Amino acid sequence: MKKYFPSITKTALVLVYLVIIAGAVVRMSGSGMGCPDWPKCFGYYIPPTNISELTWTPNREFEKGQVIIRGEKLLVAQEDFKSGETFEDNHWQAYTKHDYATFNPTHTWVEYINRLFGALAGLACLVMAIFSFFYWKENKKVTLLSWLVVFLMGFQAWLGATVVYSVLNPVKITVHMVVALLIVSVILYILHLVKPKITAQKFDKVFDSVLIISLILTLTQIILGTQVRQYVDEQVKIVGYDGMNQILVNPIIGFYFHRTFSFVVLAINVILITRNRKLQLGFKKINWVLWLLAIEILSGISMYWYDFPFGSQTLHLVIASLLFGTQFYLILESKTTEKQIV
């Protein structure tokens, strides 16, 4: 059964990245509050498609926990009942987590699909953790880290709920993203632990140190990017999607840091690529970094000069997370070559 573990772990990693992609689509489409409650969506396991499903009507069966919108407020059914000819307050209680009471079917289903991907990723991580017991005698770290991933996925789900309850608080959104990258890192480390350690790569202390600096810079870029993204969201609420050309007329200072840091990240990685080739260190994935950086910078330029083309924000975030994962795995490879020398 142990032979299936790497494949299961890779599946879990792919699904976690799909959650990141789905989350990016949620941000791009403004669907973060598409489901105002959690874990259900307007009190349903399968969300509504029409406002009529969230509207009180006479002689209708309501189930406990079902949500309706009435008077620009969310109301929750306190028990199963059938409505009479007139609305009766005693069957309902106000939703107290927040006061957001808007229904947009597209936003609702985009957010719902995001949650489905999250559930699938969580299930895959649980299966990975169960199969990791076959490594217990050989390498207990694999099992312990696998169950750490399960814990982090649960923590991430709770964070997702707090993001909704806070009506998309920017700090909580940033923490949500950082935890997603932490989950990616742990899964990559698990994959590295179960991978055969035969390698033709060579260790170089300078290369190793610059790799770590590069990873820190990328993480900083991602955090700055989430703050810029929050600013963009707030501006869209003011000027609308027809005024996208006005979004970055007077941006926050974080935007300038974010833009400048992109050139620093590029320079650092050019140094890494050059040193890898010059010393023939054998780290092939550093070439992936170059391509990912090129796409990342081009998508950033397109957002600035062409007023946020459709999909550019999603692409920008997803490439950043792939870049982070690739750099982290390169560090793992570098550390392995160092141990072989010792």
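How many bridges join strand β2 to strand β3, and do the strands run parallel or antiparallel? The points below take up this question and then the helices, the salt bridges and a pocket.

1. Basis of the note. The model is predicted: local features need pLDDT of at least 70, side-chain atom pairs count only at pLDDT 80 or more, and totals for chains, interfaces and linings use all residues. Residues are numbered from 1 along each chain as its sequence is written, and side-chain values use heavy atoms, with hydrogens and water left out.

2. Strands β2 (residues 67-70) and β3 (residues 73-77) run antiparallel and are joined by four bridges. Strands (E, at least two residues) and helices (H or I, at least four) are DSSP runs, numbered from the N terminus, and two strands pair if DSSP finds at least two bridges between them. Valine 67 has valine 76 of β3 as its bridge partner. Two residues lie between the strands of this hairpin, in which glycine 71 adopts a positive phi near 60°.

3. The salt bridge of lysine 2. Six salt bridges are found in the whole structure, the criterion being a side-chain nitrogen of Lys or Arg within 4 Å of a carboxyl oxygen of Asp or Glu. In one of them, glutamate 138 meets lysine 2 at 2.5 Å, N to O. Because glutamate 138 lies in the loop between α2 (105-131) and α3 (140-165) and lysine 2 in the segment before α1, the pair ties together parts 136 residues apart in sequence. Glutamate 138 is exposed, with a relative accessible area of 54%, whereas lysine 2 is partly exposed at 32%; buried means under 20%, exposed over 50% and partly exposed in between, using a 1.4 Å probe and protein chains only.

4. Aspartate 208 forms a salt bridge with lysine 335, with 2.8 Å between the closest N and O atoms. Aspartate 208 belongs to helix α5 and lysine 335 to helix α8, so this pair ties together parts 127 residues apart in sequence. Aspartate 208 is buried at 4% relative accessibility, while lysine 335 is partly exposed at 31%. A further salt bridge pairs lysine 285 with glutamate 333, the closest N and O atoms being 3.0 Å apart. Lysine 285 is in helix α7 and glutamate 333 in helix α8, so parts 48 residues apart in sequence are tied together. Glutamate 333 is buried, with a relative accessible area of 4%, and a network of salt bridges links Lys195, Lys285 and Glu333.

5. Glutamine 221 is in helix α5 and counts as buried at 10% relative accessibility. Leaving out residues up to four places away in sequence, glutamine 221 touches Phe257, His258, Phe261, Ser262 and Val265, contact meaning heavy atoms within 4.5 Å. Glycine 243 sits in the loop between α5 (205-239) and α6 (253-278) and is buried at 3% relative accessibility.

6. The second largest pocket. This pocket holds about 290 Å³ of space and is lined by 13 residues, with Leu13, Tyr17, Leu188, Trp288 and Thr326 nearest its centre. On a 1 Å grid over the protein atoms alone, a pocket is an open set of points where a 1.4 Å probe fits, with protein on both sides within 12 Å along at least five of seven lines; lining residues have an atom within 4 Å of a point. Helices α1 (5-29), α7 (285-305) and α8 (312-341) each supply at least two lining residues, and α1 gives the largest share, five residues.

Notes:
Points joined across faces, edges and corners; volume = space filled by probe spheres on them.
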